[in-house]
Amino acid sequence: MQSLIETLSAQFAWMQNPVVIARQALAGLSNGMLLFLIASGLSLIFGVLRIINFAHGALFMFGAFAAVTLTGLVPEGLAGFAGVLIGATAGLAVLGAAIETGLLRRIYLAPHEFQLLLTFALVFILGDAVKLIWGREDHSVSMPEILSGSTQALGVTFPTYRLFLIGAGIFIAIGLWALLHKTRWGIFVRAATMDRAMLGSLGVDTRRLFTTVFVLGAALAGLGGALAAPVVSIGPGLHVQVIIDAFVVVVIGGMGSVAGAFVAALLVGLVNAFGILAFPGLSVVLTFALMAVVLIVRPWGLFGSPE
Amino acid sequence: MSRLRAIAAAAVLVLAALPAALSDFWIFIAIEVIAFALYAVSFNVLLGYGGMLSFGHAAFFGVGAYAGALVVKKAGLAPEAAFALVPLAAMAAAAGVAAVVGFFSVRRSGIYFGMLTFAFQMLLYTIALKATGLTGGDDGITGLKPPGALARPAVYYFFAITMVAPALYVLYRLVNSPFGITLRALKANPRRVQYVGVDVRSHQLATFVISGAFAGLAGAVFALSSGNVFPAWLNWTASATPIVMAVLGGVSTFLGPALGAAVYVVLEVVISGRTEYWPLVMGTIILALVLLMPAGLTGLWRRKGTS
């Protein structure tokens, strides 16, 4: 008994250390922001197109690899870094447009299994395309000098890039919110998640709406990949884990809900960060357990609505 | 009818003569085809007959495989006794897990049902990966061997047939029974079936458990032939396999998915033997299948027959 208590108190000793808590919270939040960028697109695409895009992780991976290539082409410094982010986002937007108009558009009326197989085929194809274009080895991208140091706040030293990621995530979340709530296009998108047929019969060009939503989702994934590039190891297997985390976020947040994706992404980010401290080795199980609990208690997710 | 009998008799003869004509390698592949034929057909009972698209069916295949492997490796029984217990253990374990997963999953329909099965599969996958004491973790369970003469592929081949043929027969009788007809009615219009007085959810759950149990049997039959089990068998990328097989063969026929399984397995062997980029080739084939062959291989044959 005595030894059990000792083990447990050793296990949770970090709880008395505010520096460790702050640092893990920061890591969790910044990873959560990256997750949000993938999951929000995945969720929007599901909400409007009713397609589960298994290739979304591959789009994120393409964003990261695009950052590898672009970083070699631009001058060092903040301006070059901004160029990399813009380039990766734009590149993935183009790829997204090609995928939607060339492939997805043909199968909106097909049974679910066909849609699933199509995005799954894309996972295979894009996964190998990465190996053909960039090779099998891992790459890394250095961050601009101004973001590579550390920052003092609340008496704790934080890596600056992590703070930057959190700021960028909040900025993009606000931008997405404005896009969905303050523009005509956003009204159509939100209406489409509720009733596509009604929207179409009201005279809205749903074909174009589908394309633009998919392009936005792909662009967000590309931006996420480029932002993640300096803090992840960029290899051909990157997408397999990324898409799983994004799915967990979308399921917990509620499919089709961007606000849900935001809350759930931060939640999953934090659970991962602290799970590693509390239950080393079992943190992966923790997120799936969280998802299972949400599914059992609220099958439509935290912010979703019942069918 | 007599023509059908002649075809059946010819098929039995071909199956019986096959091991004499093939090398050990191709007998091994034939065993894989037999196991995956049961896997694909059991999956299609759910999809083609019940209209339930499971995106977590690899979980049951994997649970069955692990259950079989654990009985052989860890139950402490004599090899013959353990081996005799394998099919029962695999089916019982897969059915038990399917009962829990199904209980929560059939509460929702369509793509949401798929997401739930997907979520539970990932939970099981992480358990297989992390419960190293039981499952061997990432290394899996290796060195499985059927006792005595069964270790020879040509003998195990007949064992696989004696496992799979009755299972297919049971499934065939099932889908043509009043239960199966209700199931098909459920696919077409669940609400009307409910109005007639059928308990829709328990009907779906029963189908889910039966389908899962036979997928588990398929997993165990394959595991003892290949000699090992890995957590990757439960990963999300593995759950596309039965979908591809079913769609490739044609979801509207009973044995179509078995044909799809044969084509898929042989394709994989041939392609992966020639290029390391077999996912790229397989992805392209799936893409073509989805866009060009909506009724699968059996659909091609039928269309030719009717024209």
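In helix 12 of chain A (residues 258–278), the end C-alpha atoms lie 30 Å apart, which agrees with the 30 Å that its 21 residues should span at 1.5 Å a residue. The expected span is 1.5 Å times one less than the number of residues in the helix, and helices (H or I, at least four residues) and strands (E, at least two) are DSSP runs, numbered from the N terminus. Of the 21 residues in helix 12 of chain A, 15 are buried, so this helix is largely enclosed by the rest of the structure. A residue counts as buried if 20 or more other C-beta atoms lie within 10 Å of its own, as exposed if 12 or fewer do, and as partly exposed in between, with C-beta atoms placed from the backbone.

The structure is a predicted model, in which local features need pLDDT of at least 70, side-chain atom pairs count only at pLDDT 80 or more, and totals for chains, interfaces and linings use all residues. Residues are numbered from 1 along each chain as its sequence is written, while chains are lettered from A and ligands numbered from 1 in the order in which they are written. The model scores ipTM 0.85 and pTM 0.88. For chain B, the average pLDDT (the predictor's confidence in each residue, from 0 to 100) is 89, and 97% of the residues score at least 70. Among the elements of chain B, the highest mean pLDDT, 95, belongs to helix 10 (residues 200–226), and the lowest, 61, to helix 14 (residues 296–306).

Chain A contains 13 helices and two strands. Its radius of gyration is 20 Å, close to the 19 Å given by the globule rule for 307 residues, so chain A is as compact as a globular protein of that length. The radius is taken over C-alpha atoms, and the rule is 2.2 Å times the number of residues to the power 0.38. Along the principal axes, the C-alpha atoms of chain A fill a box of roughly 70 × 50 × 40 Å. Of its 307 residues, 49% count as buried. Two residues are in contact if their C-beta atoms, placed from the backbone, lie within 7 Å. Among contacts in chain A between residues at least 6 apart in sequence, 77% join residues at least 24 apart.

Chain B has 14 helices and zero strands. Its radius of gyration of 19 Å agrees with the value near 19 Å for a compact globule of 307 residues. The corresponding C-alpha box for chain B, taken along the principal axes, is roughly 55 × 45 × 40 Å. Buried residues make up 50% of the 307 in chain B. Of the contacts in chain B between residues at least 6 apart in sequence, 78% join residues at least 24 apart.

The contact between the chains takes 30 residues from chain A and 34 residues from chain B. On the side of chain A that touches chain B, helix 5 (112–134), helix 11 (238–253) and helix 13 (283–297) each supply at least two residues. Helix 5 of chain A gives the largest share of that side, 12 residues. The residues of this side divide into 23 nonpolar, three polar and four charged. In this division Ala, Val, Leu, Ile, Met, Phe, Trp, Tyr, Cys and Pro count as nonpolar, Asp, Glu, Lys and Arg as charged, and the others, Gly among them, as polar.

Not counting residues up to four places away in sequence, Val249(A) touches Leu35(A), Ala39(A), Ala261(A), Ala264(A), Ala265(A) and Val268(A).

Leu59(A) is found in helix 3 (residues 56–71) of chain A and counts as buried, with 29 C-beta neighbours inside 10 Å. Apart from neighbours within four places in sequence, Leu59(A) is in contact with Leu92(A), Gly96(A), Ala218(A), Ala221(A) and Gly222(A). Val48(A), in helix 2 (residues 18–49) of chain A, is also buried, with 25 C-beta neighbours inside 10 Å. The C-alpha atoms of Val48(A) and Asp195(A), 147 residues apart in sequence, are 9.0 Å apart in space. In chain B, Val269(B) lies in helix 12 (residues 256–274) and counts as partly exposed, with 17 C-beta neighbours inside 10 Å.
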